[in-house]
Amino acid sequence: TELAAGGSLWKDFVWGRAAFSLGGRVAFTWLARTFPDEYGLPDQYFFTVTPGLVGAAAWRFTPSISAVARVRLNYLFYNVDEDRSLGFVDGFLGVEYALGD
């Protein structure tokens, strides 16, 4: 089982129809697993914090509709039994609809 939640805080820089964003992010991840009774192993749990950076570029077609490219650079701190921490990147391409200005 995995439960994750996070949030970002960023600053937008707008030039005409183009907008660029830079900011920070933090996520929290809780992992758990159980084993069948015949193995006799205890349940396992792990909680970690994942800090990172976020950047985005957007092009506004209308005041409400934008094409967006977003990239997040993260660091997963994982040190169970040995250090297996790792950095990773995830990206997003899509269209956003804004409800207001």
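Reply: Let us start with the word pocket: on a 1 Å grid over the protein atoms alone, a pocket is an open set of points with protein on both sides within 12 Å along at least five of seven lines, and its lining residues have an atom within 4 Å of a point. This is a predicted model, in which local features need pLDDT of at least 70 and side-chain atom pairs count only at pLDDT 80 or more, while totals for chains, interfaces and linings use all residues. Residues are numbered from 1 along each chain as its sequence is written, and side-chain values use heavy atoms, with hydrogens and water left out.

Me: What makes up the lining of the largest pocket, and which residues lie nearest its centre?

Reply: The lining holds 27 residues, and Trp10, Asp12, Ala58, Arg60 and Glu96 are those nearest the centre. Two or more lining residues come from each of strands E1 (2-15), E2 (18-33), E3 (44-60), E4 and E5, where a strand is a DSSP run of at least two residues, numbered from the N terminus. The space in this pocket is about 510 Å³, a volume being the space filled by probe spheres set on the grid points.

Me: Why is the contact between arginine 70 and glutamate 96 called a salt bridge?

Reply: A salt bridge needs a side-chain nitrogen of Lys or Arg within 4 Å of a carboxyl oxygen of Asp or Glu. The closest N and O atoms of arginine 70 and glutamate 96 are 2.7 Å apart, so the pair qualifies. This pair links distant parts of the chain, since arginine 70 is in strand E4 (residues 65-76) and glutamate 96 in strand E5 (residues 86-97), 26 residues apart.

Me: Why does arginine 70 count as partly exposed?

Reply: Buried means under 20% relative accessible area, exposed means over 50%, and partly exposed lies in between, with a 1.4 Å probe and protein chains only. Arginine 70 has 27% relative accessibility, and therefore counts as partly exposed. Glutamate 96, at 34%, is partly exposed as well.

Me: How do you know that arginine 72 and aspartate 90 form a salt bridge?

Reply: Their side chains meet at 3.0 Å, N to O, which is within the limit, so the term applies. Arginine 72 is in strand E4 and aspartate 90 in strand E5, 18 residues apart.

Me: What makes arginine 84 and glutamate 82 a salt bridge?

Reply: The closest N and O atoms of arginine 84 and glutamate 82 are 3.6 Å apart, and therefore this pair also meets the definition.

Conventions: Helix = DSSP H or I, 4+ residues; strand = E, 2+ residues; numbered from the N terminus. 1 Å grid on protein atoms, 1.4 Å probe; cavity = no way out; pocket = protein on both sides within 12 Å on 5 of 7 lines; lining within 4 Å.
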